[in-house]
Amino acid sequence: MVPVRTWRRPLDADKVKPPQAEIHIIRDRCKGCGFCIEFCPKDVLEESNEINERGVRPPKVVDESRCALCGFCSAVCPDFAIFTKEKNAKKKENQ
Amino acid sequence: MTEALSQPQEKDDIRIGVYVCHCGLNIAGSVDCKQVADFAATLPHVVLAKDNRYTCSDQGQELIKKDIKEEKLNRVVVASCSPRLHEPTFRRACEEAGLNKYLFEMANIREHCSWVHLYEKDAATEKAKDLVRMAVAKVALLEPETESVVSITPKALVIGGGVAGIQAALDLADTGYWVYLVEKEPSIGGRMAQIDKTFPTMDCSICILAPKMSDVGKHPHIELLTNSEVLDVKGYIGNFKVKVLKKPRYVTKDCSACGECSKVCPVIAPNEFDVGLATRHAVYTPFAQAVPSTYIIDRNLCLNKENIIVCDKCIKACERKTIDFNMKTETLELDVGTIIVATGADVYDPTAFVNYGYTRYPNVITSLEFERLINAGGPSGGHLIRPSDVQIPDSVAFIQCVGSRSESGNLYCSNVCCMNTIKDALLIKEHWPDTKIYAYYVDIRAFGKGFEDLYKRARKEGVLFIRGLPTEIVENKKTHDLWLVGENTLQQEIYKTKVGMVILSVGIEPRQDSEIIQRLFTLSRTPDGFFMEAHPKLRPVDAPTGGVFLAGCAESPKDIKDSVTQASAAAARAGILMAKGKVTVEAITSKLISDNCTGCQMCAKVCPFNAINVVPERKKVELIEAACSGCGTCGAECPFDAITMRHFTDAQILAQIDAATELDADKKIVAFCCNWCAYAGADFAGVNRMQYPTNVRIIRTMCSGRVAPKFVERAFARGAAAVLVAGCHFGDCHYINANHQTQKRAERLWKKMERLGLNRERLQLAWISAAEGEKLASTAKNMQAVVSSVTAEEIEKSKKMTERG
């Protein structure tokens with residue numbers, strides 16, 4: 001790529017903000033396979049310390065703002081225990 | 001008649017003519033040319049010796065031709081400038097008079113004598129005599145040679161798709177040659193595409209460039225390879241084999257550039273094309289006019305790593321199904337005859353100027369950032385805004401020479417920044433006439449066509465030009481306004497000025513990866529880091545490597561017009577070669593004396609070009625002339641004198657050594673300099689009048705690898721005080737790595753000298769590039785201590801060098 005130093009905050013950074021995600025984890029459905037954690041391209045998830053009904057450690061969200069809403073976690077989850085939604089979409093509905 | 005003239009066999013038949021040139025006062029100013037000519041007349045086989053004002057003039061050449069015919073000369077020596085300058089001229093004159101051009105020799109008494117010994121007329125005259133004696137000794141042993149002919153592939157490779165590369169590619173393709181244009185970015189266009197307007201005509205830059213870019217994209221004779229890099233170059237003039245790494249775009253050619261993929265891409269990053277002032281997505285096109293217009297996926301940013309498709313938003317958004325994550329990197333092998341290097345330049349990073357606060361103060365921007373801000377298609381829609389508050393400033397200051405003409409940046413002038421600032425100031429005045437504009441400068445250099453008019457116009461419009469750069473910029477932390485403090489050196493007053501925004505007029509630098517390009521094509525670089533031309537005046541677009549040409553900022557900082565001019569010139573030069581279809585190769589290749597060869601294969605091991613085959617059943621080696629480049633390292637390695645280099649035979653070089661050491665050997669340095677770097681460096685020292693001691697006698701070989709240990713031993717045996725072997729730096733060798741052999745041989749010689757109880761300092765090895773005249777001069781100076789410390793006893797002892805192995 002072009003060898004330039006890009007240190008400034010781009011002028012259009014506010015306009016092109018990526019949609020914010022809302023991550024929902026249904027803890028007790030999780031069987032602890034860890035696929036969602038392993039395949040998340042933005043490393044949004046990690047194993048939590050608590051133990052669920054099925055006796056495993058479900059994932060927890062490290063930083064929701066990093067989520068790019070690719071939806072791969074819900075696609076790979078064998079137990080339909082995780083899904084993502086766009087934050088603004090919900091707000092719009094409320095309005 | 002010609003036959004008889006060019007092939008004298010008997011020693012008695014040798015008839016040498018010597019011409020000593022005054023070169024006006026360039027030589028005659030420090031050398032008594034008449035005395036040198038009189039001296040030459042006394043040398044063996046010399047039948048006539050003349051001195052004249054300009055031997056290279058038509059009259060001078062006619063005189064040589066006349067003498068060859070009337071006086072039946074069969075060898076010619078001209079004592080004048082460097083053979084790198086006028087050897088071709090005189091060789092042609094000899095040929096025209098029917099004398100084989102390999103029976104001509106030059107004594108370099110200008111670059112290597114008069115210019116470097118300006119104030120020592122007697123010593124310089126003596127040195128000139130020695131140089132003539134050496135040339136006469138060599139010329140007597142020269143043999144007529146015939147050159148072999150090599151065909152030229154009618155295809156060209158252009159590296160770099162900036163305006164220079166575009167112009168060169170179009171010119172060559174329009175002439176009818178096939179052109180490969182390699183660009184490492186996703187789009188061609190280069191720096192010119194980033195610029196808003198061009199000076200002095202104030203044309204819209206992309207508006208005049210875009211048509212050329214699309215011409216390249218659809219030209220039937222151009223194969224455009226974007227996102228590609230040159231990996232490897234092999235071969236020689238007319239027959240290069242180039243490996244190009246073509247990285248995948250992950251979007252096929254069917255892309256309609258609708259941009260739907262980009263809209264849904266969740267990854268956002270700064271756009272390099274806008275110098276980080278705007279954003280782009282992982283799937284993107286750098287700018288609207290990009291050629292090719294096909295989008296590209298930046299896999300460093302994309303969520304899809306390796307083989308897992310995590311995010312398929314772009315795939316779903318693309319109606320034409322052009323996104324393909326299975327695309328692989330390809331390596332292409334291209335056969336080309338000529339190469340044009342137009343790799344462009346980088347922009348100076350002003351962060352190093354801490355006192356100007358770039359990256360600390362948001363409202364201090366570079367001139368490249370300015371171009372993106374003032375551009376209607378840029379991130380601010382053409383509004384010059386302050387990054388801190390997105391407001392249009394009421395006053396701005398330009399600071400010139402940031403990173404140019406200064407010890408803390410680069411020493412050279414970057415050529416374009418003065419005019420660029422004047423243009424930028426006028427652009428601001430055009431849009432916001434009330435803006436107060438200050439331009440702080442060292443000197444305003446408005447030397448080109450129409451430049452002075454533009455400068456005058458800027459002053460008339462009220463741009464204030466103030467001589468004296470600010471020493472510091474201080475920021476008001478609340479308003480982000482900037483205070484400039486410095487001295488107006490014309491009025492000798494201190495100024496303290498408040499402005500809303502500062503534009504640093506940054507200089508131009510060699511590309512960071514110039515070193516890779518330099519190695520690939522065995523180019524040379526100036527101390528500034530830009531590529532060096534074969535001759536600064538007469539071959540300004542030729543690289544020293546045959547078949548390679550230079551264009552644009554890769555050669556030196558220059559504006560668009562100069563880049564285009566140079567590109568067309570480079571295309572014309574490459575076109576000349578390809579139109580001829582063939583080129584003669586200098587007859588300086590190796591020759592086998594079959595009877596002496598024992599098949600030991602030592603030569604084959606050191607040959608950098610694999611030009612030596614071993615024939616085991618015959619216990620002999622076989623030389624492949626077409627692959628031989630004539631470095632001579634095989635000849636230096638052969639322990640049985642079974643290989644000799646044409647035009648640089650052992651006998652000829654030994655004769656030069658003997659001639660150089662005939663008088664006062666114990667005070668002399670015999671220097672072996674390679675043609676490409678050290679000898680050229682010595683020429684450079686001459687051109688720049690760098691004075692050094694008069695006791696150096698330079699013998700030219702094509703490569704330092706040609707210098708056989710026996711040459712060094714002979715010099716010592718003849719009583720020389722010191723010997724210098726000088727070649728190209730490692731990695732710069734014009735024969736790949738032949739100079740590694742030079743190093744090994746020097747180490748063996750040092751060991752031998754120590755064994756014999758000799759001061760090893762008397763043999764020195766130096767790596768001197770063509771631009772390091774200063775290094776040659778200082779090496780010569782430093783060796784004086786060794787020369788003066790050598791005693792008569794030691795000289796006597798060193799005569800044993802040749803005796804024992």
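**Close-up views of a predicted two-chain model**

**View 1. Five strands of chain B form an open sheet in the order S20-S27-S21-S22-S23, with parallel pairing.** Strands are DSSP runs of E of at least two residues, helices are runs of H or I of at least four, and both are numbered from the N terminus. Two strands pair if DSSP finds at least two bridges between them. Strand S20 (364-366) and strand S23 (464-467) of chain B are at the edges; each has a single partner strand, so one side of each lacks a neighbour in the sheet. On average, neighbouring strands are turned by 25° against each other, direction ignored. Strand S22 (residues 436-441) of chain B joins S23(B) through 4 bridges in the parallel sense. There, B:Tyr438 stands opposite B:Leu464. The model is predicted: local features need pLDDT of at least 70, side-chain atom pairs count only at pLDDT 80 or more, and totals for chains, interfaces and linings use all residues. Residues are numbered from 1 along each chain as its sequence is written, while chains are lettered from A and ligands numbered from 1 in the order in which they are written.

**View 2. Helix H12 (residues 367-374) of chain B lies across S20 and strand S27 (501-506) of chain B.** H12(B) runs at about 120° to S27(B). Axes are lines fitted to C-alpha atoms, for helices over the stretch in contact, and angles run from 0 to 180 degrees between N-to-C directions. Contact requires C-beta atoms, placed from the backbone, within 7 Å.

**View 3. Strand S7 (residues 178-182) of chain B has 4 of its 5 residues buried, so the rest of the structure largely encloses it.** Buried means 20 or more other C-beta atoms within 10 Å of a residue's own, with C-beta atoms placed from the backbone. Strand S6 (residues 155-159) of chain B runs parallel to S7(B), joined by 5 bridges. B:Leu157 has B:Tyr180 as its bridge partner in S7(B). From S6(B) the chain passes through helix H7 (residues 163-175) of chain B to S7(B), a right-handed β-α-β crossover. Right-handed means that, with the strands pointing away from the viewer, the path from the first strand over the helix to the second runs clockwise. S7(B) is also joined by 4 bridges to strand S10 (residues 222-225) of chain B, again parallel. B:Tyr180 stands opposite B:Glu223 in S10(B).

**View 4. The largest nonpolar core has 227 residues.** Such a core is a set of buried Ala, Val, Leu, Ile, Met, Phe, Trp, Tyr and Cys residues joined through C-beta atoms within 7 Å. B:Val18, B:Ala79, B:Ile340 and B:Val341 touch the most other members. Helix H6 (residues 121-139) of chain B gives the largest share, 9 residues. Beyond four places in sequence, the contacts of B:Val18 include B:Ala37, B:Val46, B:Val77 and B:Val132. A second, separate core of 34 residues includes A:Ala21, A:Cys30, A:Cys36 and B:Val283.

**View 5. Helix H19 (residues 650-660) of chain B has several buried residues, among them B:Ile653, B:Ile657 and B:Ala660.** The buried residues of H19(B) pack against H6, strand S34 (643-645), strand S35 (669-674), strand S36 (696-701) and helix H21 (709-717) of chain B.

**View 6. Chain A meets chain B through 20 residues of chain A and 24 of chain B.** Chain A holds 3 helices and 4 strands, in the pattern β-α-β-β-α-β-α. Of its 95 residues, 23% count as buried.

Methods
Buried ≥ 20, exposed ≤ 12 C-beta atoms within 10 Å, placed from the backbone. Contact = placed C-beta atoms within 7 Å.
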